[in-house]
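Dear colleague,

Please find the structure below, together with its sequence.

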Amino acid sequence: MEAERLRQEEAERQRKLEEERQAEERRIKKELEEKRLRELEEQRKREEEERKRLEQERERLERERLEREEEERQEALRKEQEERDRMVALSISEDNQATLVKEEVLVPIEKDTKGGLDRNNIKDWKYSELRDCINTSCDVELLELARDEFHRRLKAYQAWKQKNLQRKKKEAAKPDLPLSSVPEAPVQSFRKEEDKPKHEHRLFKVPFVYPSYNNPSVRGWWYAHFYGKWIVRQLEIHPEKAPLCLIAGRDDLKMCELQLQETGLTKRKGSEITMKEFDDLWACCGGGTYVLREDQ
């Protein structure tokens with residue numbers, strides 16, 4: 001009897017020890033699993049931080065690349081504009097049979113007492129200086145001088161460009177724009193010259209044909225808005241291309257460089273249209289709102 005009781009107590013003690021051992025193993029396994037999960041979470045966070053850092057670094061490098069490309073593009077545009085100004089100046093000098101001067105010995109522009117450019121030497125002004133004067137100056141006399149000089153250079157540049165294009169181009173015929181062969185012609189009017197307003201809006205509509213089409217019905221339209229003697233807006237409608245809306249001060253090199261009197265438009269019957277006709281078509285072709293300066 002006593003032996004049986006001892007055996008049962010021993011068995012109970014062994015059972016409790018086994019339960020304690022198993023509980024300890026479970027606790028150790030749980031701790032190990034929790035530690036493993038913590039390490040995985042820490043590793044995930046480290047990887048996420050590293051990914052973000054690399055992403056930020058890539059974005060920074062991309063921004064620097066874009067800024068560098070933009071700077072290079074602006075520099076290329078500046079050099080192109082300087083080269084264009086140089087070619088215009090050379091062309092003007094040739095037209096006037098002037099002696100060409102190398103760039104490295106050009107005399108700097110003299111300044112007046114107020115620190116501005118000398119209006120008496122307006123032929124020495126750069127293209128950008130002329131355009132800034134036209135866009136910002138309130139001096140009416142200086143505006144007229146700047147406009148005259150600007151369009152004189154533009155006309156010389158267009159003549160030079162046309163001369164080179166005729167020599168180099170071998171491509172298919174292009175549209176014969178309406179003013180390309182119009183000789184200079186004085187404006188005839190029943191009003192005396194002194195009775196005419198110095199600045200007035202005059203708008204014109206002229207067709208042009210495509211020689212390559214052998215079809216007189218295939219033609220485009222050329223519209224011009226003159227304010228005073230200079231063009232301020234130009235609209236070209238082509239049969240197989242999107243309309244082209246040009247504005248003075250932005251697209252000068254693509255626009256008519258002739259004065260109104262030189263175009264012969266005022267002598268062309270049925271070519272003059274109203275401001276409303278022009279503005280309606282300008283809006284339909286995506287020209288946007290155009291606000292004309294009072295001193296323009």
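To begin with a term: on a 1 Å grid over the protein atoms alone, a cavity is a set of points where a 1.4 Å probe fits but cannot get out. Its volume is the space filled by probe spheres set on the points, with grid points joined across faces, edges and corners. Please note that this is a predicted model, in which local features need pLDDT of at least 70 and side-chain atom pairs count only at pLDDT 80 or more, while totals for chains, interfaces and linings use all residues. Residues are numbered from 1 along each chain as its sequence is written, and side-chain values use heavy atoms, with hydrogens and water left out.

The cavity

The structure holds 1 cavity of 30 Å³ or more. The space in the largest cavity comes to about 140 Å³. It is lined by 13 residues, and those closest to its centre are Arg147, His151, Ile231, Val232 and Ala248; a lining residue has an atom within 4 Å of a point. Two or more lining residues come from each of the elements α2 (127–136), α3 (140–168) and β3. The lining comprises 7 nonpolar, 3 polar and 3 charged residues. Here Ala, Val, Leu, Ile, Met, Phe, Trp, Tyr, Cys and Pro count as nonpolar, Asp, Glu, Lys and Arg as charged, and the others, Gly among them, as polar.

The chain as a whole

The chain has 5 helices and 5 strands, which are DSSP runs numbered from the N terminus (helices: H or I, at least four residues; strands: E, at least two). Their order from the N terminus is α-α-α-β-β-β-β-α-β-α. Of the 296 residues in the chain, 27% are buried, a word that stands for under 20% relative accessible area, whereas exposed stands for over 50% and partly exposed for values in between (1.4 Å probe, protein chains only).

Individual residues

Where is Leu203 placed, and is Leu203 buried or exposed? Leu203 belongs to strand β1 (residues 201–209) and is buried, at 3% relative accessibility. Leaving aside residues up to four places away in sequence, Leu203 touches several residues, including Ala224, His225, Ile273 and Phe278; contact means heavy atoms within 4.5 Å. The C-alpha atoms of Leu203 and Ile231 are separated by 9.4 Å, and the two residues are 28 residues apart along the chain.

Gln158 is part of helix α3 and is buried because its relative accessible area is 11%. Among the residues that Gln158 touches, not counting those up to four places away in sequence, are Asp252, Leu253 and Met255.

Three further residues illustrate polar contacts. A polar contact is a pair of N or O atoms within 3.5 Å; within protein, one must be able to donate a hydrogen and the other to accept it, and residues adjacent in sequence count only if both atoms are side-chain atoms.

- His238 sits in the loop between β3 (230–237) and β4 (244–247). The side chain of His238 makes a polar contact of 3.1 Å with the side chain of Glu236.
- Glu9, in helix α1 (residues 2–95), is partly exposed at a relative accessible area of 42%. The side chains of Glu9 and Arg5 are joined by a polar contact of 2.7 Å.
- Glu262 lies in helix α4 (residues 260–263). The side chain of Glu262 reaches the backbone nitrogen of Gln259 at 2.9 Å.

Yours sincerely

Note on methods. On a 1 Å grid over the protein atoms alone, a cavity is a set of points where a 1.4 Å probe fits but cannot get out, and a pocket is an open set with protein on both sides within 12 Å along at least five of seven lines; lining residues have an atom within 4 Å of a point.
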